[in-house]
Amino acid sequence: MGIRELTGFYFLPNEAKNYVEKVWKKGWRFGGGEKTLSSKGFFSSSKSPTIYQVPNYLPIEKSMNVYPEKLQELMELLKRLPGVGRRGSERLALAMLRWSPEKLEFAGELIRTLPHSIGRCPQCGNLAEAGALCAICRMPNRDAGLLCVVEEFSQIAALEQSGGFRGHYHVLGGRLAPLEGKNPADLKIAELLERLEKGTIRELILALSSDVEGRATTVYLSGICAGKVPVISQLAQGLPAGSDPAYADAATLGVALQSRRPL
């Protein structure tokens with residue numbers, strides 16, 4: 001099947017149009033230098049008019065990767081990181097490829113030893129060096145009478161950045177979610193009760209999420225911890241600092257009104 005030139009495009013005769021439309025709908029493109037298939041079934045080229053044969057243009061998947069296999073594997077691995085997509089993983093992999101061999105070996109050794117060098121704090125459940133207490137539990141100037149319960153260790157960093165809490169933490173390891181198979185036995189609730197039994201905690205702060213599962217976990221913990229600690233509180237909810245009430249939704253305004261305090 002020949003292709004003849006027509007006003008700057010290489011036009012496919014009628015007998016080839018059906019084939020072109022079929023592969024175009026599948027998302028395929030045609031290889032062959034600068035010649036590309038347009039949405040109307042033409043081949044555009046800046047070269048001089050030439051007669052081409054359709055068999056010279058083999059369909060190629062548009063997702064075909066031109067990188068070596070090992071580099072593709074690295075890109076696929078980086079794509080699993082949160083917030084990293086296809087283009088982001090490509091940029092990261094190519095940037096790492098420009099590193100010196102010594103730097104790449106150091107990064108690889110660091111990642112390899114990460115599961116063995118990082119563990120959980122035996123006291124609070126925060127991230128720590130394997131077999132050691134975390135940095136917060138080792139601080140002698142923290143208030144041992146204040147205990148803040150969080151769902152995950154990542155929330156500790158946010159609370160620490162606020163600078164408004166100088167007590168200790170307890171990481172539950174999640175929240176109650178029966179539909180997802182998260183029951184009280186799957187959380188660090190027994191360890192929390194053991195800490196309360198020592199009698200050194202004067203206030204238990206429940207810093208859990210405000211969604212359905214978080215509120216259910218808060219109610220459950222407040223029930224089983226009642227009588228074991230003098231004061232049980234939770235984080236205030238409502239309008240964020242610096243916001244305009246006119247732009248808040250009804251649910252947020254309702255919680256803010258219920259959580260109001262006298263001046």
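Student: Let's start with confidence: what is the mean pLDDT of the protein chain, and what share of its residues reach 70 or more?

Tutor: Keep in mind that this is a predicted model. As a general rule, low pLDDT means the coordinates should not be read in detail. Here the chain has a mean pLDDT of 78, with 75% of its residues at 70 or more. Residues 1–15 are below 50, though the model still gives that stretch 45 contacts beyond near neighbours in sequence.

Student: Which other residues have a pLDDT that stays under 50?

Tutor: Residues 23–64 do, and for them the model has 72 contacts beyond four places in sequence.

Student: On to the sheet. In what order do the four strands come, and is the pairing parallel or antiparallel?

Tutor: In general, strands pair through backbone hydrogen bonds, in either sense. In this case the order is β11-β10-β12-β13, an open sheet with parallel pairing. On average, neighbouring strands are turned by 25° against each other, ignoring direction.

Student: How many bridges join β10 and β12, and in what sense do they pair?

Tutor: Four, in the parallel sense, between residues 146–150 of β10 and 203–206 of β12.

Student: Which strands does helix α8 touch?

Tutor: Helix α8 (residues 212–225) packs on the sheet against β10, β12 and β13, and its direction makes about 165° with that of β12.

Student: Where does leucine 159 sit, and which residues is it in contact with, leaving aside neighbours within four places in sequence?

Tutor: Leucine 159 belongs to helix α6 (residues 154–162). Its contacts are Cys148, Val150, Tyr169 and Ala207. Between leucine 159 and cysteine 148 there are 9.7 Å, C-alpha to C-alpha, and the two are eleven residues apart in sequence.

Student: Last one: how much space lies in the largest pocket, and which residues line it?

Tutor: It holds about 310 Å³. The lining is made up of Ala236, Gln237, Gly238, Leu239, Pro240, Ala256, Ser259, Arg260 and Arg261. By class, that lining has four nonpolar, three polar and two charged residues.

Conventions: Residues are numbered from 1 along each chain as its sequence is written. This is a predicted model: local features need pLDDT of at least 70, side-chain atom pairs count only at pLDDT 80 or more; totals for chains, interfaces and linings use all residues. Side-chain values use heavy atoms; hydrogens and water are left out. Two strands pair if DSSP finds at least two bridges between them. Helices (H or I, at least four residues) and strands (E, at least two) are DSSP runs, numbered from the N terminus. Axes are lines fitted to C-alpha atoms, for helices over the stretch in contact, and angles run from 0 to 180 degrees between N-to-C directions. Contact means heavy atoms within 4.5 Å. On a 1 Å grid over the protein atoms alone, a cavity is a set of points where a 1.4 Å probe fits but cannot get out, and a pocket is an open set with protein on both sides within 12 Å along at least five of seven lines; lining residues have an atom within 4 Å of a point. Grid points are joined across faces, edges and corners, and a volume is the space filled by probe spheres set on the points. Ala, Val, Leu, Ile, Met, Phe, Trp, Tyr, Cys and Pro count as nonpolar, Asp, Glu, Lys and Arg as charged, and the others, Gly among them, as polar. pLDDT is the predictor's confidence in each residue, from 0 to 100.
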